[in-house]
Amino acid sequence: MNANRHETSGPTRTQQITLRGPAELADALPFMLGFHPTDSVVLVALHGERGRFGGRVRLGIPSSPREWASTADHLAECLVEGGARVGARPDGIVVFLCQDPAPGETGRRVMERLRPFAQRLRTACGALDIPVYEALCISDGLYFSYCCPDARCCPPDGTPLALSGTTVMAATAAYAGVELRGTLRDMEARLKPVGGPGEEEQRAALDAAAASIVPRVLEDPEDRGRVEVREETLRLAREILRRFTRPKAPKAPKTPANTAHPTGATIPGRAGPDTTEGDTADDALITPGEAAALILGLQDRVTRDRAAEWMEGWEGTTALRLWRVLARRCVAPYQEHAAAPLTLVGWTAWSTGDEPTARVALGLALEADPEYVFAQLLHQACNEGLDPESLRSCLRSERDSRTAPQQTAPASSRRVRMRASHRQGTRPALGRAGRQTGTRDRRAAAGVRPAGPAADRPGSGSPRQGGQRGSRSGR
């Protein structure tokens, strides 16, 4: 296998791995995706005579068999058309069906139940003149082949998967520094409400925020209310980012709305940010009212795009934690509001090099709101292996064009005052007063956007504000 630009979670392009047979294909799947897929159908493109791996598409297995035919056609078209757009139409396809058994069900029963779906996928790919070289079902720690007729190679009762970390693919991934992120179910759980005793409190906070914020945004014909809400939202978000970067967190508020573990089990600010304990600690740093205000404020496109500028360095890693918290706080009936924070999770993860998390978050954003344009554009770009630097550059330009006048105005006024005082023959004491005034001006500007090297260090000042048209989309 040669990993290409579609496979940022796999080994580098200079490393080549030869996979032989269904067993090694089944073992390679998590490393291609960056996580263990659960309840998923995955199609992987093959290129050239040696079957080099290319792009791939993943979708949850539809619960109703009536949807299997349309889903198969859609997945096959997406994979083939996506490859054709980048000049790499597949020469073959490998199909994976991954699903855990239901209570009382066996892995073989899952394989037989999904056999019509596998056959429909093979037919859909064949209709596009792309052969399916292998179709595997992975269930209950076993793999089954829908294509291999040899019972000695692929027995009807399935073949156990290789022990974790014992295969050539696992060794190569470890050497390349590839880290699996657990199961898809675990990754999605970090981005969804988990219920608990605080959910009703969060729902009440969202109701109160909606009653306060929505009229201010919609009832002001001059958009003054919208602008005020936008600045309040960004100011609050910056304050919470500073909270996340402090070595010692402030006293934790009341139990958050959707914490899976007791807040006393961890010390806020101490747990690792990429663990369940870290999520619990982050939840404890944001009150239900603050979360509600941010969720409602981010429904504004301009506010969301300006928040998207926190995409690199410590700003990016800290903002990613904040967006995760907000996604977990979108309790019923506010599930659709999760599209904005989930899209920000996807964008920030993609920008900081975590493509598997980006794919999962953007998929959930489109589940929350299938018409959310920003999520649609990012999901397509991520799936096609595009470089996020083009969007980062656009957001930087927007930010710089907006903040440049704020940075130059205090210095210009200081020079005018100093020149005028010299022409009038004033004493140096007035010059010192002018410098003090200039200092105050610079401090006022720093409250809007920090300048200088210290602004790039955690806890040294406010994160930079965001741009106005980062996605250039309607939502």
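Which residues does Trp68 touch, not counting residues up to four places away in sequence? Let's keep that one in mind while we get our bearings, and then we'll come back to it.

Hi everyone. Please remember as we go that this is a predicted model. The protein chain has 475 residues, and 49% of them count as buried. Its secondary structure consists of 16 helices and 6 strands. The accessible surface comes to about 22,300 Å², with 52% of that belonging to carbon and sulfur atoms. And here is a number about how the chain meets itself: if we take the contacts with a separation of 6 or more, 71% of them involve residues 24 or more positions apart.

Now back to Trp68. You'll find Trp68 in helix H2. With those nearby-in-sequence residues left out, Trp68 touches Ile61, Pro62, Arg113, Leu114, Pro116, Phe117 and Arg120. Is Trp68 buried or exposed? Its relative accessible area is 8%, so Trp68 is buried, the limit being under 20%.

Leu121 is 53 residues away from Trp68 in sequence, yet their C-alpha atoms are 8.5 Å apart in space. For another pair, Ala69 and Thr123, the separation along the chain is 54 residues and the C-alpha atoms are 9.5 Å apart. Thr123 belongs to helix H3, and at 41% relative accessible area it is partly exposed.

How much space lies in the largest pocket? About 1,100 Å³. Several elements give two or more residues to the lining: strands E1 (40-47) and E2 (52-60), along with helices H2 (68-85), H5 (184-189), H13 (355-368) and H14 (373-383). The largest share comes from H2, with 9 residues.

Let's move on to the aromatic rings. A pair of aromatic rings is described by the distance of the centres and the angle of the planes.

Take Trp310 and Trp323. Why is this pair called stacked? The ring centres are 6.2 Å apart and the planes sit at 5°, so the pair meets the rule for stacking, which asks for planes under 30 degrees apart. Trp310 is in the loop between helix H10 (301-307) and helix H11 (313-328), while Trp323 is in H11, so the pair ties together parts 13 residues apart in sequence. Trp310 has 0% relative accessibility and counts as buried; Trp323, at 1%, counts as buried too.

The other pair I'd like you to see is Trp347 with Trp350. Here the geometry is edge-to-face, with 6.0 Å from centre to centre and 75° between the planes. Both residues lie in helix H12 (residues 339-351), and they are 3 residues apart, about one turn of the helix. Trp347 counts as buried at 0% relative accessibility, and Trp350 counts as buried at 9%.

There's one more ring to point out. Arg321 lies over the face of Phe244, 4.7 Å from the ring centre.

To finish, a few words on the backbone. Most residues other than glycine have a negative phi, and most peptide bonds are trans. With that in mind, please find Ala332 and Pro333 on the screen: a cis peptide bond joins them, with omega about 0°. Pro333 is located in the loop between H11 and H12.

Then we have two residues with a positive phi. Asp129 has a phi near 65° and is not a glycine. Asp129 is in the loop between helix H3 (107-127) and strand E4 (132-139), and it is exposed, with a relative accessible area of 67%. Asp140, which is not a glycine either, has a positive phi of about 55°. Look for Asp140 in the loop between E4 and strand E5 (142-145), where it is partly exposed at 49% relative accessible area.

Conventions: Residues are numbered from 1 along each chain as its sequence is written. This is a predicted model: local features need pLDDT of at least 70, side-chain atom pairs count only at pLDDT 80 or more; totals for chains, interfaces and linings use all residues. Side-chain values use heavy atoms; hydrogens and water are left out. Helices (H or I, at least four residues) and strands (E, at least two) are DSSP runs, numbered from the N terminus. Buried means under 20% relative accessible area, exposed over 50%, partly exposed in between (1.4 Å probe, protein chains only). Contact means heavy atoms within 4.5 Å. Accessible areas come from the Shrake-Rupley method with a 1.4 Å probe; for residues, only the protein chains shown count as cover. Rings of Phe, Tyr and Trp (its six-membered ring) pair if their centres lie within 6.5 Å; planes under 30 degrees apart count as stacked, over 60 as edge-to-face and the rest as tilted. A charge sits over a ring if NZ of Lys or CZ of Arg is within 6 Å of the ring centre and within 35 degrees of the ring normal. On a 1 Å grid over the protein atoms alone, a cavity is a set of points where a 1.4 Å probe fits but cannot get out, and a pocket is an open set with protein on both sides within 12 Å along at least five of seven lines; lining residues have an atom within 4 Å of a point. Grid points are joined across faces, edges and corners, and a volume is the space filled by probe spheres set on the points.
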